[in-house]
Amino acid sequence: GVPPLSQLTPGMPSGPPLSASQTFAPGTTPSQPPNAPPLPSTFVFSPADWPAQDKIPPTDSDEVKEWMKELEGVDIPDFSPTADGSCAGDPSAAAEAEQRGWWTCGGWTSPDDITVCNDKMTWGISFDDGPGPYTQKLLDYLDEKDLLATFFVVGSRCIERPALLIEEYMAGHELSVHTWSHHTLTAMTNEEIVAELGWTRKIIKDVTGVTPTTMRAPFGDIDNRVRAIAMAMGLRPIIWTRFNGFAFDTNDWKVAGGVVQPADQLAIFESILGNATLMDTGFIVLEHDLYEITVDLAIGYTLPAALSHNPPFTLKRIGECNNIPLTDMYLETNTNKSFPAKS
């Protein structure tokens with residue numbers, strides 16, 4: 001169950017972590033997307049084969065050297081990395097935010113970015129930073145309500161809970177790359193960005209048999225250099241919506257961190273829904289499935305608020321709400337050779 005809003009507090013006792021409720025044998029063929037490869041052999045984690053968790057991976061590995069070849073022939077802007085991915089931390093870079101296409105400082109985007117859903121009153125559901133200890137609770141709710149979402153997964157979490165990653169994929173949710181260590185990408189070198197995206201892409205492929213064709217930068221910290229590298233690696237950027245200067249961020253992560261109270265978070269979400277009704281397009285909202293409190297806020301409050309809203313919203317996966325077939329969300333089943341395209 002989900003506690004009353006007044007009882008949702010940072011540091012509250014958590015329930016026991018939940019394991020995947022379904023298991024799938026290696027060789028099982030997914031029902032969707034069409035022509036998907038069978039599930040690979042059961043993933044067994046060996047620390048020697050992977051970078052340290054939650055740290056920017058080394059750039060001198062054979063894997064990263066091979067992935068760097070994907071940048072050959074691509075025009076990568078020669079911006080220097082930002083100091084720390086924040087506007088205050090790098091005033092010089094912030095002053096050039098428009099030229100850099102830096103989303104963090106000013107919300108600058110590129111035509112390659114997916115930032116909205118095509119149709120008015122359509123919500124592209126997404127959850128970042130998992131799979132987490134309580135992702136199963138979210139998956140159960142989505143299944144009960146017949147909803148599908150896009151999961152932006154962190155490589156360091158995927159090696160902990162590969163069975164949950166498989167369950168997300170087999171249920172028809174979209175999987176997308178959210179880096180290995182969840183650090184700010186604009187503060188990294190080109191090689192470090194390639195390592196972050198490459199190792200996450202690899203763990204998803206090793207566990208599920210498919211490679212995502214989309215990514216989301218942690219904190220939305222992306223600029224034209226990061227975009228060019230991501231696109232060269234076959235990963236189209238997805239960001240949450242901004243409208244009239246208002247970011248469609250539920251701030252659920254701030255509740256987990258004790259910065260925002262749950263009632264205030266719900267008020268922020270209601271503001272999002274109010275702004276969404278004014279848009280000519282649909283919208284994408286940022287939520288998280290890493291913590292039990294963020295999952296409880298989603299299944300107990302934000303998702304029910306959207307489902308019961310008048311006029312009603314249509315809730316879809318982000319690729320789906322952009323008329324991108326599920327086949328094109330993965331390299332192995334992609335039938336559209338121009339999606340994504342190298343810059």
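The following legends describe close-up views of a predicted model. Local features need pLDDT of at least 70 and side-chain atom pairs count only at pLDDT 80 or more, whereas totals for chains, interfaces and linings use all residues. Residues are numbered from 1 along each chain as its sequence is written, and side-chain values use heavy atoms, with hydrogens and water left out.

**View A. An open sheet of three strands, in the order 9-1-11 with parallel pairing.** Strand 9 (283-284) and strand 11 (314-316) stand at the edges with a single partner strand each, so one side of each lacks a neighbour in the sheet. Strands are DSSP runs of E of at least two residues, and helices are runs of H or I of at least four, numbered from the N terminus; two strands pair if DSSP finds at least two bridges between them. Three bridges join strand 1 (residues 122-124) to strand 11, and tryptophan 123 stands opposite leucine 315.

**View B. Helix 4 (residues 135-144), largely enclosed by the rest of the structure because seven of its 10 residues are buried.** Buried means under 20% relative accessible area, with a 1.4 Å probe and protein chains only. Among the buried residues are Leu138, Leu139 and Tyr141. Just after helix 4, aspartate 146 takes a positive phi of about 60°.

**View C. The salt bridge between the side chains of lysine 137 and aspartate 296 (2.7 Å, N to O).** The pair links helix 4 and helix 11, 159 residues apart. A salt bridge is a side-chain nitrogen of Lys or Arg within 4 Å of a carboxyl oxygen of Asp or Glu. Lysine 137 is buried at 15% relative accessible area, as is aspartate 296 at 3%.

Note on methods
Buried means under 20% relative accessible area, exposed over 50%, partly exposed in between (1.4 Å probe, protein chains only).
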